[in-house]
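I wanted to look through this two-chain file and write down what I found. The entries follow in the order in which I made them.

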Number of protein chains: 2
Amino acid sequence: MPIEIPADNVGLVSPQIAQFDEALPLRSGRSLAEYQLVYETYGTLNAGRSNAILICHALSGNHHAAGYLSMEDRKPGWWDACIGPGKAIDTNKYFVVSINNLGGCHGSTGPTSLDPATGRRYGPDFPIMAVRDWVKSQARLADRLGIEQWLAVVGGSLGGMQALRWSIDYPERLRGCAVIAAAPKLSAQNIAFNEVARQAIVSDPDFHEGHYYEHNTKPRRGLMLARMLGHITYLSDGSMREKFGRDLRTGKLNFNFDADFEVESYLRYQGENFSDHFDANTYLLMTKALDYFDPARDFDGDLAACLAQARCRFLVSSFSTDWRFAPERSEEIVKALMRARKAVSYLEIDAPQGHDAFLFPIDEYVRLIGGFLASLTAGGKH
Amino acid sequence: MPIEIPADNVGLVSPQIAQFDEALPLRSGRSLAEYQLVYETYGTLNAGRSNAILICHALSGNHHAAGYLSMEDRKPGWWDACIGPGKAIDTNKYFVVSINNLGGCHGSTGPTSLDPATGRRYGPDFPIMAVRDWVKSQARLADRLGIEQWLAVVGGSLGGMQALRWSIDYPERLRGCAVIAAAPKLSAQNIAFNEVARQAIVSDPDFHEGHYYEHNTKPRRGLMLARMLGHITYLSDGSMREKFGRDLRTGKLNFNFDADFEVESYLRYQGENFSDHFDANTYLLMTKALDYFDPARDFDGDLAACLAQARCRFLVSSFSTDWRFAPERSEEIVKALMRARKAVSYLEIDAPQGHDAFLFPIDEYVRLIGGFLASLTAGGKH
């Protein structure tokens with residue numbers, strides 16, 4: 001039975017592909033000779049090309065942020081809660097561009113793509129990307145689309161780091177920057193969790209040092225473990241307690257190693273499902289980009305000096321129960337922006353969902369984003 | 001070169017073994033036909049047999065809590081900071097008994113032991129132990145040692161849960177109960193972390209469904225991952241930041257999947273070292289005992305009703321930066337004890353080390369334990 005598409009949904013969407021033949025020099029010193037980016041757009045670019053918003057995705061995200069891919073598609077895009085007609089990112093007003101990052105596994109050039117130099121899949125030889133590399137590739141897509149300046153660049157988590165990098169590297173090319181549930185750099189604990197996930201993948205015998213495609217297999221167990229672990233860090237202690245508590249699957253303890261508790265079978269299911277659909281080399285790359293992100297590093301650790309480059313207005317937002325990137329981490333960004341005398345609005349949203357909260361249509365949060373975007377169109381082009 | 005043993009150290013110690021031929025019925029419905037317990041003792045049992053203290057170990061602990069095993073032994077027992085002449089648990093005053101729990105891999109009967117019924121190692125067929133089973137086995141050791149009543153039962157983390165279980169199941173057999181850095185039951189998040197660790201082990205191809213001994217191998221990668229993950233939860237975010245920050249191993253980012261950051265190589269080292277010395281089936285068992293611990297379950301979830309059984313005095317202690325078993329979890333125990341009108345002292349110790357703090361000789365903490373134990377001898381036998 002075909003789905004019924006709600007009135008506030010962007011409806012059926014199709015990805016588009018942009019091919020780039022000019023080499024992209026990368027932070028690592030390597031470069032991509034050619035590449036393609038897959039993206040979706042929602043809404044209409046206005047005549048002045050002044051209503052475009054770029055959405056940057058997080059660790060396991062992709063370009064499919066809103067709408068449905070077919071009338072049989074049961075699940076809309078990952079940020080459908082916030083993108084659509086009348087929603088926080090209102091497609092009646094804005095032209096929204098959502099991109100799959102390089103190194104991804106959903107259509108943009110990445111480890112699963114063929115390396116033109118060898119004719120084989122890149123696999124583990126795909127260059128490790130830095131956030132600045134993604135931003136550079138996104139800027140080229142903006143050129144291609146004729147967008148000189150974004151009304152805003154918006155992202156949560158790793159996406160927020162991309163938004164922040166935009167404000168530093170292309171200060172004239174955005175009017176607003178929304179950095180949601182992010183951090184100016186990962187803590188040792190953040191890196192440690194990423195490292196366990198990576199070790200789970202690379203120690204899986206089916207990883208074959210990243211050449212698992214040639215062995216017609218994939219490190220399914222490693223990816224499952226990585227996702228289970230990641231998932232714990234996306235949820236708050238309280239939301240897990242609320243959702244699962246100590247509920248038993250069969251009403252009793254089994255005294256074996258089957259899943260006794262609901263939370264165990266939930267995590268196993270999430271992990272297995274993810275391992276079916278995601279590429280391990282991409283997962284490794286994305287976690288490294290997170291670990292490496294530290295824009296202040298080029299300024300002797302002085303984030304305010306780094307952000308002095310920026311010309312846009314900022315919205316920074318955090319969630320009370322997020323322990324992956326706790327409100328204090330967002331406040332580091334806010335304080336640096338204030339020291340750099342930038343215009344910044346900050347709100348810690350009271351929300352039980354932990355890090356995942358940024359994906360939910362929480363009233364206060366939706367109003368915050370909507371209000372910030374509206375405020376950017378109130379003045380003229382800066 | 002032989003070590004120099006400090007004056008406040010218990011010195012050279014030797015484990016002792018007690019063999020039990022009477023079957024031990026278990027919470028699971030199964031039973032152990034016969035078993036042995038390995039233990040160490042420090043100090044001297046007084047004539048009245050009233051100065052004995054039982055130390056219960058945590059997840060990866062064992063009976064070797066203090067002193068050195070030889071003059072070449074570089075590392076003292078795991079709680080040497082707190083056990084010794086003049087230390088918090090003063091071996092000039094007390095007779096300390098430290099036991100390796102059943103299911104362990106350090107000498108007490110466990111998965112690596114021979115099953116008398118088959119003549120082969122128990123492996124995965126070793127029964128899953130509940131905390132109450134351990135306590136029962138410890139009570140039998142007390143009988144064997146002629147200790148009718150412990151001056152105190154003391155433990156941190158999973159050890160604290162055993163101490164609490166003693167107060168419920170054998171109320172007349174202890175005068176004091178010290179529950180350190182514990183919780184009355186695991187949260188969904190706690191269980192979730194344990195489940196990821198278990199899945200890391202059981203999904204390792206070298207696990208062979210627990211029969212890895214017969215294959216002359218062990219699930220080394222799974223154990224390594226389990227330990228890396230566990231280790232993150234033992235440390236506080238702040239202590240990891242303090243210890244490692246974002247320090248780079250080679251002073252630069254490598255843009256490959258070697259360890260870039262110090263915290264990565266530290267965790268890998270910890271994980272590999274652990275996987276050399278610990279048994280995977282034991283690790284699985286111990287995490288299940290943690291997950292299953294929930295003494296209030298027999299009382300419709302009413303912890304105060306459960307603790308109404310107790311006759312001893314309590315010390316409950318938590319650490320400010322412990323997020324594995326946060327101070328709030330200790331406070332649940334304290335509140336239930338107060339509702340049950342029991343004598344309880346509680347202190348949240350301000351300490352940066354996270355959950356691991358219970359292993360450190362923190363002044364305030366050392367004084368707290370020492371003071372509690374001294375107060376127990378102030379009155380007569382109750």
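I count two residues as in contact if their C-beta atoms, placed from the backbone, lie within 7 Å. Helices (H or I, at least four residues) and strands (E, at least two) are DSSP runs, numbered from the N terminus.

**Ground rules.** The model is predicted, and I kept to its limits: local features need pLDDT of at least 70, side-chain atom pairs count only at pLDDT 80 or more, and totals for chains, interfaces and linings use all residues. Residues are numbered from 1 along each chain as its sequence is written, while chains are lettered from A and ligands numbered from 1 in the order in which they are written.

I looked up how α1(A), residues 131-145, packs on α2(A), residues 158-169: the angle is about 70° and the axes are 9 Å apart. Axes here are lines fitted to C-alpha atoms, for helices over the stretch in contact, and angles run from 0 to 180 degrees between N-to-C directions. The angle makes α1(A) roughly perpendicular to α2(A). For that wording I used these classes: under 35 degrees is roughly parallel, over 145 roughly antiparallel, 65 to 115 roughly perpendicular, and the rest oblique.

From α1(A), I noted Val131(A), Arg132(A), Trp134(A) and Val135(A); they meet Met161(A), Gln162(A), Arg165(A), Trp166(A) and Asp169(A) of α2(A). By class, the residues of this contact are five nonpolar, one polar and three charged. Ala, Val, Leu, Ile, Met, Phe, Trp, Tyr, Cys and Pro count as nonpolar, Asp, Glu, Lys and Arg as charged, and the others, Gly among them, as polar.

I then checked chain B, where the axes of α1(B) and α2(B) come within 9 Å and cross at roughly 70°.

Is β5(A), residues 52-56, mostly covered or mostly open? I found five of its five residues buried. Buried means 20 or more other C-beta atoms within 10 Å of a residue's own, exposed means 12 or fewer, and partly exposed is in between; C-beta atoms are placed from the backbone.

Ala52(A), Leu54(A) and Cys56(A) point one way, and Ile53(A) and Ile55(A) the other. In a regular strand the side chains alternate between the two faces of the sheet.

I looked up the partners next, taking two strands as paired if DSSP finds at least two bridges between them. β5(A) pairs in the parallel sense with β8(A), residues 95-99, over four bridges, and Ile53(A) stands opposite Val96(A) there. Four bridges also join β5(A) to β9(A), residues 150-156, which run parallel; Leu54(A) stands opposite Val153(A).

The contact takes 40 residues from chain A and 40 residues from chain B. Which helix of chain A gives the most to the side that touches chain B? I found that α3(A) does, with 11 residues. That side divides into 23 nonpolar, six polar and 11 charged residues.

I picked Ala192(A), in α3(A), residues 188-202. Ala192(A) is buried because 24 other C-beta atoms lie within 10 Å. Leaving out residues up to four places away in sequence, Ala192(A) touches Ile232(B), Met240(B), Val263(B) and Leu267(B).

A rotation of 180° with 0.0 Å of shift along its axis superposes chain A on chain B, RMSD 0.0 Å. I noted this as the relation of a two-fold axis. Copies are superposed by least squares on the C-alpha atoms of residues with pLDDT of at least 70 in both. The same surface serves both copies, as 100% of the contact residues of chain A recur in chain B.
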